[in-house]
Each structure stands twice: as structure tokens, then as C-alpha cells.
Amino acid sequence: MRAILVKEDKSLVWSEVPEPTPRDGEIIIDIHAAALNRADLMQRAGNYPPPPGWPDWMGLEVSGVVSWVPAGCKWRVGDRVCALLGGGGYAERVAVPADMALPIPEGISMVEAAAIPEAFATSFLNLILEGRMKKGDTVFIQGGASGLGMAAVQLAKYMGGKVVTTVGSDDKAAFVRTLGADVVINRKKEDIAAVLAQHPVDVAMDSVAGPHLGACLATMARGGRWIIISTLGGAMCEIDIRDFFRRGVYLIGSTLRSRSSEMKAQILDSLRDQVWSGFTSGKIKVVIHQTLPITQAEKAHAILEKQENLGKVVLVVKE
Ligand SMILES: NC(=O)c1ccc[n+]([C@@H]2O[C@H](COP(=O)([O-])OP(=O)(O)OC[C@H]3O[C@@H](n4cnc5c(N)ncnc54)[C@H](OP(=O)(O)O)[C@@H]3O)[C@@H](O)[C@H]2O)c1
């Protein structure tokens, strides 16, 4: 089969690779579409290797058709699924633990389905499980127009939250308002902490962190949960601990990719139980910025590199 390999000069080449060999409890999916994530850019740069046991090539989420199952499996050959992967999605086929695949929600296309698992599982893990978000909470999401932000803003609204989010342009501000965001901060023009002081945050999903984190934490609601999931804005910051401990604020670090397959399966189960009806009812939309053929993976990466995307970018492997 073929997969996208990263060559020494960092170019992406559609190359011959060995067929996947399923381990106990794994199924094989014939991939139709694979969605991009910023982690792919980091992996391509050599900074984010896949967890042990997964293919070397990029790709954290796919949609497709089950083409092989072990005896006694809950899936049948021919089932349409989407799946969360530790890697290996930029390819024609992938072997994946049966529990890391989910049925494609009714009315959702293969392209849309590929863009669900990573963004929505990350949002669910952080807002609901780590953040213990409940109806009426004020939820802060960095990068509301990103692939992940598109999912998080809608999930927080679906769960009854008030959403405050950041964007880097006026176009993106208009976009996140269509997703339901209540308060939109243009990070290039406004002081984020000053706005948050007007809207004390109960739960934050923060992919930026950096030097402004301390000032933002100082505005949190009592007992608020601030979850750091990346450091796009930098890794160092100063925090006034006095203010922090008096208000009982929780600072939490979280990654989805490094969790065990069992834990990921639990997250996916809860996601299906609590959120799938949002897709089928049309209350939650999977917003696709652009689709490109898998052979144009470099062009697709450039969209994320330039921070142009409103929602997800998807590679089509098979029409
Ligand atoms: N820990 C986890 O489990 C986990 C899981 C999934 C994703 N993530 C992280 O979440 C972030 C979003 O992922 P994604 O796939 O949705 O990415 P994406 O679609 O490429 O979006 C990233 C967006 O972040 C915003 N941003 C803010 N400050 C930035 C900066 N200093 N440099 C670059 N971008 C900046 C930009 O939007 P604006 O210009 O509109 O601000 C950019 O478009 C990534 O950092 C990713 O690694 C973490």
C-alpha cells in the first residue's frame, strides 16, 4: 500500500510501505479520508514522534470502511467508521484497536467524519472530563477558528456553556460567531486578560500558554480549571501564586495522544453517547476548510502553517 513519508528534506512523498499487520483486537480500515492536525506539522519537523506501536507516518484521525476483522469482533467488514489513531492515518490502510473506531454519525460524509475523532475527543476530554464543565459555565477556548477550536466552541455551546474565544483576524471572528461563540477576542488587537476579567472563566482549554498565562489565571472564577494542551505562544510564564491558591484555581496539563488505547476508547464511548446526537440533529457541524487529494499533503500542511484555516483541512485518499 502507499503512505505519505517525510523525506530527509522534509518533503512529503506518497510512497510504497508494508501493509498493516493487525495485532490482537485490531481491525483494518480502508482509509477514505484523513484529517490534518497541528501535531502533524510538529511530527513532520521531527518534534513529535508517534507513540510506540503505531506507524511512523503522520495522521491522527481517519474515516473509511472496515476491510478486515478478527473473530468475535463488534465490527463487520463493510462498516463505515471513523477512528482515532496514534499515527498512520496518511495512508491507504491502517490497523487500529476495534474500540478506537466509531460508527459514522447518520448524515455525516466520509470527509466530515475524518475530522471528528481528534478534535472532538480532545475537546470532550479537556472540557468535560478534565474541566468538569457544566451547564452555565463560562468556557475559554484559545484559537476558536482552528480545527480543534471549531469542535471545542460547538461542544461547549452544545453542553450549555458561555463561550469566550480568541482569534487572529476579523474573518476568523465572524466565523467563530457562526459557531455560537458569545465573546470573541482578537488576540492581535486586544488584551486577553482584560477581557477575561469581565467574564471570569470556569473552564479554559489553552493551546497557547506563554507569557500572558499568569495575567489570565488571575482573572479566573473561584475553583476554575485551566487546562494547558499546547504552548503555541511559548513555554515560560510568571504566575502570582498568592492569587492562584486563594481562589483554588486548578492548573492542569493534558495530552490525548499519549493516553492508553483503553483510556482513548473510554473517551470515544462517552463522546458517542453524549455528542453523536448533536451531529445527527445538525446542532453540531463539522466545518471543513478545504479538502485536497492525499498526494497534495504538502499544500495542505501549508494552510495550517500560514494559520489560514477556518476549521479542518482534510486529505482525500479514496473518493
Ligand atoms: N494536548 C492535546 O491533546 C492536543 C490535542 C489536539 C490539539 N492540540 C493542540 O491544539 C492546538 C490547535 O490544534 P489544531 O490542530 O486545531 O491547529 P490549527 O488548526 O493549525 O490551529 C492553530 C491556530 O492557533 C492559533 N494560534 C494562536 N497563537 C498561535 C501561535 N503563537 N502560533 C501559531 N498559531 C497560533 C492560530 O489561530 P488564530 O490566528 O486565529 O489565533 C492558528 O490558526 C495545537 O497547538 C495542537 O498541538 C493539543
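Author: Axes are lines fitted to C-alpha atoms, for helices over the stretch in contact, and angles run from 0 to 180 degrees between N-to-C directions. Contact itself means heavy atoms within 4.5 Å, while helices (H or I, at least four residues) and strands (E, at least two) are DSSP runs, numbered from the N terminus. The model is predicted: local features need pLDDT of at least 70 and side-chain atom pairs count only at pLDDT 80 or more, whereas totals for chains, interfaces and linings use all residues. Residues are numbered from 1 along each chain as its sequence is written, and side-chain values use heavy atoms, with hydrogens and water left out.

Helix α3, residues 117-130, lies across β8 (138-141), β11 (203-206), β12 and β13, and runs at about 150° to β11. The open sheet consists of six strands, ordered β10-β9-β8-β11-β12-β13, with parallel pairing. Two strands are taken to pair if DSSP finds at least two bridges between them. The edges are formed by β10 (183-186) and β13 (250-253), each of which pairs on one side only. On average, neighbouring strands of this sheet are turned by 15° against each other, direction ignored. At one end of the order, β12 (residues 225-228) pairs with β13 in the parallel sense over four bridges, and I227 stands opposite I252 in β13.

The wider setting is given by the domains, whose bounds come from an automatic or database domain assignment. Domain 1 comprises 2-116 + 259-316, and domain 2 comprises 120-253. Their C-alpha centres lie 26 Å apart, and the contact takes 25 residues from domain 1 and 19 residues from domain 2. Buried area is the accessible area (1.4 Å probe) that two parts lose on being put together, summed over both. I267, I284 and L310 supply 25% of the area that domain 1 buries against domain 2, more than any other three residues.

The buried residues (under 20% relative accessible area; exposed is over 50%, partly exposed in between; 1.4 Å probe, protein chains only) of α10, residues 297-305, are A297, A300, H301, I303 and L304. They lie on the same side of α10 because they cover an arc of only 150° around the axis, the arc being that of the directions from the helix axis to the C-beta atoms. Their cover includes β1 (2-6), β2 (12-16), α1 (38-44), β14 (288-293) and β15 (312-316).
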